[in-house]
Amino acid sequence: MSLLEVNDLSVGYKALAGKFTVLHNINFSLEEGEIVGIVGESGSGKSTFGHAIIRLLPPNSFIEKGSIIFQGKDLVKLNEKEMTKVRGTGIFMILQNPLNSLNPVKRIGDQLLEAVKVKKPGVDEKEANEIVLNAVKDVRLPDPEEIIKKYPHQLSGGQIQRVVIAMALILRPKILIADEPTSALDVTIQAQIVKLFKQLRDEEKISIIFISHDISLVYAIADRLVVMYAGRIMEDGNIEDVIKSPLHPYTQGLISSIPSITKKDGGLKAIEGSPPSFLVLPMGCKFNPRCDRVMEKCKMKEPELVEVKGRKVRCWLYE
């Protein structure tokens, strides 16, 4: 059995215009020690998926159906008290806006010490302080002794992001969900953080769900790639296979739009149009209005996710 299994998960939101579904029949699994990258344009449902797993969805959201099985428990059925025990040491999430993860009126060191006490109850003060300092050093924060004395508002966005990653290093969860974890960091620090994530996987067997719009960054870290569009999984497979030989027209468009020094004409191929609104989704395949290989069938009925060449693809071209 996989470490995490998501079965037929559908998640929706309530708005003034009515109810609408954002995630539609998501089936997903995560193995121990596996790093899965989830990519797609803004509004594809990537972050909603990450928040649904750890049950941190906003108040106007609701789970229509499905299950999220983690260590034999269905997280959908747990109450908030039970779910609190899962968060942190079971599943830890690095949010896109890391400032929301920290208490604004507590010093950084005190918040990291809390994480140490959760992971190691009864640990003595000297050892706890050493663990905190080592975690801060591991994420390459300068002057760790000074950093732990500061409050969150005294740090930059990139520094706060690294503090949250340091907390994950301390807690050593079974699953780490990283939602755009390097968006506030420069390229050099991005490379260091990617290296840290790989070390967590290799040394602690932590499984990672890495959510990003940056396919190049995901390629540097992930074993598997999941491509999402309009709340659906469009392609799911080994990252080498998907990047080098994408099957779905949407995946092909995303990869074609990546800048490359080998492109002779210097131009970038963009995907025509914009992602659809969840309030007014098109009939049939949700990508059909933007697809350059669209058929009449695509406009009438939505394809299922089928297995092709060892991966899963949602496209009528492979039915």
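Is D8 buried, exposed or partly exposed? In this predicted model, D8 is partly exposed because its relative accessible area is 39%, which falls between the limits of 20% and 50%. The residue is found in strand β1. Although D8 is not a glycine, its phi is positive, at about 45 degrees. Most residues other than glycine have a negative phi.

A second open sheet contains eight strands, ordered β6-β7-β8-β3-β9-β10-β12-β11, with mixed pairing. Strands of a sheet pair through backbone hydrogen bonds, either parallel or antiparallel. The edge strands here are β6 (91-94) and β11 (306-308), each pairing on one side only. From one strand to the next, the twist averages 20 degrees.

On one side, β9 pairs with β3 (residues 35-39) in the parallel sense, over four bridges. In that pairing, G37 stands opposite L225 of β9. With β10 (residues 232-238), by contrast, β9 pairs in the antiparallel sense, over six bridges. Here R224 stands opposite N238 in β10. The strands β9 and β10 form a hairpin with two residues between them. A230, in the turn of this hairpin, has a positive phi of about 50 degrees.

How many of the six residues of β9 are buried? Six of the six are, and the strand is mostly covered. The burial extends to both faces of β9. R224, V226 and M228 are buried on one side, while L225, V227 and Y229 are buried on the other.

Further along the order of the sheet, β11 is joined to β12 (residues 311-313) by three bridges, and these two strands run antiparallel. The bridge partner of V306 in β12 is V313.

Helix α7, residues 187-204, lies across β3, β6, β7 and β8 (207-211). This helix runs at about 165 degrees to β7.

Helix α6 has a helical partner as well. Two packed helices are described by the angle between their axes and the distance between the axes. For α4 (residues 125-138) and α6 (residues 157-171), the angle is about 125 degrees and the axes are 9 Å apart. The residues of the contact divide into seven nonpolar, no polar and one charged.

Two loop residues complete the account. P98 lies in the loop between β6 and α3 (108-119). With a relative accessible area of 9%, P98 is buried, because the value is under 20%. Leaving aside neighbours within four places in sequence, P98 is in contact with G157, I160, Q161 and V164. P98 and I165 are 67 residues apart in sequence, and their C-alpha atoms are 9.4 Å apart in space.

D143 lies in the loop between α4 and α5 (144-147). Its relative accessibility is 54%, so D143 counts as exposed, the limit being over 50%. D143 has a positive phi of about 50 degrees although it is not a glycine.

Technical notes:
Residues are numbered from 1 along each chain as its sequence is written. This is a predicted model: local features need pLDDT of at least 70, side-chain atom pairs count only at pLDDT 80 or more; totals for chains, interfaces and linings use all residues. Side-chain values use heavy atoms; hydrogens and water are left out. Axes are lines fitted to C-alpha atoms, for helices over the stretch in contact, and angles run from 0 to 180 degrees between N-to-C directions. Ala, Val, Leu, Ile, Met, Phe, Trp, Tyr, Cys and Pro count as nonpolar, Asp, Glu, Lys and Arg as charged, and the others, Gly among them, as polar. Buried means under 20% relative accessible area, exposed over 50%, partly exposed in between (1.4 Å probe, protein chains only). Two strands pair if DSSP finds at least two bridges between them. Contact means heavy atoms within 4.5 Å.
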